Amino acid sequence: MIKAVLMSINRPHTDNIHAGLKTSELRTRAPKLPTPFKVYTYETRRFGGSGKVVSEWTCRSMTEWLMYMGTPAHLAVTGCVSVDEIRRYCDYGRKNITEMKISDLVVYEQPKELSEFYLACDKPKGTDCAKCLDRMENHCLQLAKPPQNWCYVEENVSRA
């Protein structure tokens, strides 16, 4: 199963992504996946968010920026955050930032529940995995709570 990422994002940022204003997601810890890969957006309950998976998009490219060299001017625009917020987020240059380009956005008419998503298993099919619900199919644990930052999930969320 190809891995995808479920990423927790606060309400003001999901609104900007859905409006097409926010074209990059900035993270100090980025997924270790070859591009392109799918990202599911979990909208947190903070700031009036839904607490559901509200959209998906494709990350076609990632660029790591060495923040001790300064903040690239375009990051504030594409990330819909201030330069000061970026500086605080990267601990004033002590952490690098990875810019993940948002493309092929799909906003769900009906948001999805976390329970529709399963952690991705990195073990070969049939391997004895304590997390897997079905060892022959590598169906790992169903998500019950959102990730603090992001987590790997199975790309195909349907269980029919």
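Begin with serine 55, which counts as buried because its relative accessibility is 0%; buried means under 20% relative accessible area, exposed over 50%, and partly exposed in between (1.4 Å probe, protein chains only). The model is predicted: local features need pLDDT of at least 70, side-chain atom pairs count only at pLDDT 80 or more, and totals for chains, interfaces and linings use all residues. Residues are numbered from 1 along each chain as its sequence is written, and side-chain values use heavy atoms, with hydrogens and water left out.

**Around serine 55**

Serine 55 belongs to strand S4; strands (E, at least two residues) and helices (H or I, at least four) are DSSP runs numbered from the N terminus. Display the side chain of histidine 18 as well: a polar contact of 3.0 Å joins it to the side chain of serine 55. Such a contact is a pair of N or O atoms within 3.5 Å; within protein, one must be able to donate a hydrogen and the other to accept it, and residues adjacent in sequence count only if both atoms are side-chain atoms. Not counting residues up to four places away in sequence, serine 55 touches His18, Val39, Tyr40, Thr41, Leu105, Val106, Val107 and Tyr108, where contact means heavy atoms within 4.5 Å.

**Strand S5 and its partners**

Next select S5, which pairs with S4 in the antiparallel sense over nine bridges; two strands pair if DSSP finds at least two bridges between them. Within this pairing, threonine 58 stands opposite serine 103 in S5. The side chain of serine 103 also makes a polar contact of 3.5 Å with that of arginine 60. S2 and S5 likewise run antiparallel, joined by four bridges, and leucine 26 has glutamate 99 as its bridge partner in S5.

**Backbone exceptions**

Most residues other than glycine have a negative phi, and most peptide bonds are trans. Against that background, select aspartate 104, in strand S5, where phi is near 55 degrees. Aspartate 104 counts as partly exposed because its relative accessibility is 43%. Then move to aspartate 91, in the loop between helix H3 (83-89) and S5; its phi is also positive, near 55 degrees. The bond from threonine 35 to proline 36 is cis, with omega near 0 degrees, and proline 36 is found in the loop between strand S2 (24-27) and S3.

**The nonpolar core**

Now select Val5, Met7, Ile9, Ile17, Leu33, Phe37, Val39, Trp57, Cys59, Met100, Ile102 and Trp150, the twelve residues of the largest nonpolar core. A nonpolar core is a set of buried Ala, Val, Leu, Ile, Met, Phe, Trp, Tyr and Cys residues joined through side-chain atoms within 4.5 Å. Strands S1 (3-9), S3 (37-43), S4 (52-65) and S5 each give two or more residues to this core, and S1 gives the most, with three. A second, separate core of eleven residues includes Ala4, Leu6, Tyr40 and Tyr42.

**The largest pocket**

Which residues lie nearest the centre of the largest pocket? Select Asn10, His13, Glu25, Leu26 and Tyr89, which belong to a lining of 16 residues. S1, S2 and H3 are the elements that give two or more residues to that lining.

Notes. 1 Å grid on protein atoms, 1.4 Å probe; cavity = no way out; pocket = protein on both sides within 12 Å on 5 of 7 lines; lining within 4 Å.
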